[in-house]
Amino acid sequence: MKKLVALAILVTSIAGFSQSKQQQFEVSGTLITADDNVPLEAATVYLQRVKDSALVTYTITDQKGAFTLEGSSFDSALNLFISYIGYQTYTQSISLEEPIQQLGQINLLVDDNLLDEVIVKATAPITVKKDTLEFNVASFTTKKDANVEDLLKKLPGVEIDENGKITANGKDVSNIYVNGKPFFGDDPTITTRSLTKEMIEKVQITDTKTKAQAFTGEESDSENKTINLTIREDKNKGVFGRVSAGGGTDGRYEGAGMLNLFDNDQRISILAGGNNTNSVGFSFGEIEKMFGGSGGLNSRSFGGGSGITTSKNAGFNYADDLSKKVEISADYFYSNSHSEDKNSTQRENIIPDNRYFTDSNSSSFNDTYSHRANVELEVELDTTLRIDIEPSFSSSKNSRSYARDEESRDDDGVVTNESNSESFVENIGNNFRNEFDITKRIGNKGAFLRVGIDNEISKTTSDDFLNSQTEVYGNSPESVTRNQYTDGVEEMNKLTTNLTYRVPLKGEELSLDIRYTYFAERQNNTESTYDFDDATQEFNDFNTALSTDYEYKNNRSVPGLRLSYRKDKISVSGGGDYLFRTLENSDELRPELSLKREFKAVEAYARFRYRFSPKASLSFRYSLDNSPPSVRQLQPFVDVSDPLNTVVGNPNLKPRNSHDFSLYANNHDYQKGVNFFTYIRADIDNNQVVSKTTIDENFVRNTTYANVDGTYSLRGGGELSRTKRIDTVKTIKVGVGLFGNLNKSINFNNDVEYASTNTSLSPSLNVTFTWKDVMEITPRYSVSFTKNKFDLEQFNTQEFKYHNLGINTATFLPENFEWRNDINYNYNPNIADDFQKSAWFWNATLSYSIIDNNGMLSLKAYDLLNQNTNARRIASGNYIQDSQSTVLQRYFMLSFSWKFNSLGQAGEVDDRGSRHYRRGTP
């Protein structure tokens, strides 16, 4: 570890020393239109090297059309380019003999496609198109053989964590499309880790919209972002893919394969994979180059967050333009997993006048088989009529064997109750869902009519065998023995209809939406429990107390209005709904427990967004939502399935009203490489439903539910990062972050109501140094502070800390070699002595490229120090719990992968397109 840090300091020092040979420069000017002398905001201004057209620096103009380019270069001259959609690209040679150059006013001419214009090879690194940022891939240098994930990490404002989760300026990326179509469903990592950079021409980042919203020109009502990857024209026809296989110590293995057939608008992709290293199932091993993670602490797991999982998967994706009016996208997945886990838990339970302690140990074995298919059909009958149909189907079978033993002791260490149980459960589920939307545009001022019908049908059957023994000691001892079989059937049917009619009040600036939604849900749940009959040696003794047979209905009717205003940089919308809700529960076994409740409520929505410039924006959102209690919380059925915790519903519960406020701001200075975002969100709840538990002298619980007021949650934070280009091959990025939470909850402890306040603060620091084709190094540190306070004297204030230190390194020398390290140190000083408080977790991979860089040999070391742990502490007003479960530990693996490609020449490609320009005067 010390050697790695020393290496980072040495390399940074050398990089700083090398700057003394560079020439500093500052180039400024003002851009206006030549025809009417209007300043041009959001034009792209950039400098390229004369020798190889490599990007040196870039920015975009402000509201006044002004720009400033700063940086350093070893070159004596650079080429300046200025581009704006609809205008001729301006170019000028800039001599660096003068460090400060003021170009004054630059007139940009309208592009009339004149035949006598000169054609120049240049494409702007970034283009602003209304709500869309478009990045030219060729302008961003990456390592050789980079995939889309490597590319996205180089884009300003884009962050990708260890799990592959993507954020753009602090907002989650919910969709990734390829040429406007989905690619293998809703898992973005399959796209980002399977497609290579050399295939991509543009990366477009925009607010997430439905296809129908984009069709009508509506503003997005989502807080998320969508990324669209446009394929290079010369890379959109042919066959490409990759296969990989690896074997290691302790019987570890992984293998994967992917085949892609692209023929312009038609795409066919097939993939398959399997491993027993907790990866998602499509891992290509070496350096996480493709779909899966390394199976580390932060990687995505398959079939559960703990334990060891063996998985097998296969998938198929098809996308095509069936005609000029019809587009289709479809995918199918099959998955099979087997997981094993052992868990140990120690809990200190806190009640107002006493404490007791519970220790438990459990083991589980899970087998899951699933099928999933999705289809998206888009039909544009003409420029005013669009139909979207999206059916989906899933089927699964899950088998689980589970064993658990538990023991509770009082403050003196005397055992008050204990239990052990063994169970085997098999579930078979099928689900079908279809979304149908038809949208009709009316006139040319933004009016439209949209009708949506969504339906969902599902059925789950279960077979549950249970054998348990519970002993309760003390003054009223009790022994409960159960040997039972439960046959369960759960059916669900949902129907949602939506109607939206937009009335333009003032062109496209001001509009009124008249909306109506009808929702109907019906659930049928039957659980027939039979005790084992010793005489017949069969499960035929019906147990009424542990059986259920009910029908639950949730119907709501919601008329509403929404007013929207949008002009230039400002966008405002707001409205309200009036909700009529009916909840009905019919109990066939216990007719006296049947109930029917009717509710009326107001729901509201407001949103404000202001774009100061393409670099900065501010948005505010408010919503008032109403949500009903669940059927389990409402139904006054006495659930005695757990002898140590009897649960009874409360039919007098009220729906929860939730006020949600959020404020978000971001600013990105492209010239200085500074990116900043911050947010704050507050949730205030009325009539929140919470558990209300009483505990007897033997620590046996009785639980019901109650409404409480006064709960709230306040969350906020922000990140600030700056990327500094040291020279044409070296960059350094420094990022700091601060996030916090303040939550107040109302709960009951042994029938005593109390309030608890949880405060947490998590600062972080990370630095990334990149030396193109030589090395990358990223040290990072974060610490979390948590404090719990209570308004009961019996409860002490609880304070916890958690430290995480990490460093990622990548070395690309000598040629064809790649050595990567991912080192994490976790320290949890507050956890119980019986659990591991700290651990070093080190993964390393050494790879060598062969066969003209189409093949790769890799040696991976997972958990090199053999210290992997997932010990954790959870604290609340009622308990403090420490737990630890099975984790994947050290192994070594040797793997080989081979990629094939008939799309064109491999390697880096200069795809700077042709543009018209007017030659300026230096």
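Residues count as buried under 20% relative accessible area, as exposed over 50%, and as partly exposed in between, with a 1.4 Å probe and protein chains only. By this scale N420 is partly exposed, at 42% relative accessibility. The structure is a predicted model, in which local features need pLDDT of at least 70, side-chain atom pairs count only at pLDDT 80 or more, and totals for chains, interfaces and linings use all residues. Residues are numbered from 1 along each chain as its sequence is written, and side-chain values use heavy atoms, with hydrogens and water left out.

The protein holds five helices and 50 strands. Helices (H or I, at least four residues) and strands (E, at least two) are DSSP runs, numbered from the N terminus. The radius of gyration is 31 Å, close to the 29 Å from the globule rule for 922 residues, so the protein is as compact as a globular protein of that length. This radius is taken over C-alpha atoms, and the rule is 2.2 Å times the number of residues to the power 0.38. The C-alpha trace spans about 100 × 70 × 55 Å along its principal axes. Of the 922 residues, 46% count as buried.

Contacts, defined as heavy atoms within 4.5 Å, were then examined by sequence separation. Among contacts with a separation of 6 or more, 65% come from residues 24 or more positions apart. The accessible surface comes to about 42400 Å², and carbon and sulfur atoms account for 52% of that area. Accessible areas come from the Shrake-Rupley method with a 1.4 Å probe; for residues, only the protein chains shown count as cover. The side chains include 100 positive and 126 negative ones, and the centres of the two sets lie 8 Å apart. Lys and Arg count as positive and Asp and Glu as negative, while His and the chain ends are not counted. Each charge is placed at NZ of Lys, CZ of Arg, CG of Asp or CD of Glu.

In soluble globular proteins, nonpolar side chains tend to be buried together. A nonpolar core is here a set of buried Ala, Val, Leu, Ile, Met, Phe, Trp, Tyr and Cys residues joined through side-chain atoms within 4.5 Å. The largest such core has 42 residues. Within this core, L152, V203, I227 and L229 touch the most other members. Beyond residues up to four places away in sequence, V203 touches L133, E134, F135, V137, L151, L152, L155, I227, N228 and L229. A second, separate core has 19 residues, among them L31, L47, Y87 and Y90.

Backbone details come next. L813 and P814 are joined by a cis peptide bond, with omega about -5°. P814 sits in the loop between β43 (798–811) and β44 (817–827). A42 is not a glycine, yet its phi is positive, about 75°. The loop that holds A42 runs between β1 (23–33) and β2 (44–49). A42 is buried, at 10% relative accessible area. N853, also not a glycine, has a positive phi of about 65°. N853 lies in the loop between β45 (838–850) and β46 (855–862). Its relative accessibility is 29%, which makes N853 partly exposed.

Several strand residues were examined one by one. K171 belongs to strand β13 (residues 171–178). This lysine counts as buried, at 10% relative accessibility. Neighbours within four places in sequence aside, K171 contacts I166, E223, K225, S619 and Y664.

S571 is part of strand β30 (residues 570–587). With a relative accessible area of 8%, S571 is buried. S571 and R609 are 38 residues apart along the chain, and their C-alpha atoms are separated by 5.1 Å. R609 is also one of the contacts of S571 outside four places in sequence; the others are E219, Y565, R566, R607 and F608.

R515 is located in strand β27 (residues 510–533). At 24% relative accessibility, R515 is partly exposed. From R515 to R562 there are 47 residues in sequence and 7.8 Å in space, C-alpha to C-alpha. Leaving out neighbours within four places, R515 contacts L499, T500, V558, P559, G560, R562 and D577.

N420 lies in strand β24 (residues 415–442). Residues up to four places away in sequence aside, N420 touches R404, D405, N467, S468 and Q469. N420 and F612 are 192 residues apart in sequence, and 63 Å separates their C-alpha atoms.
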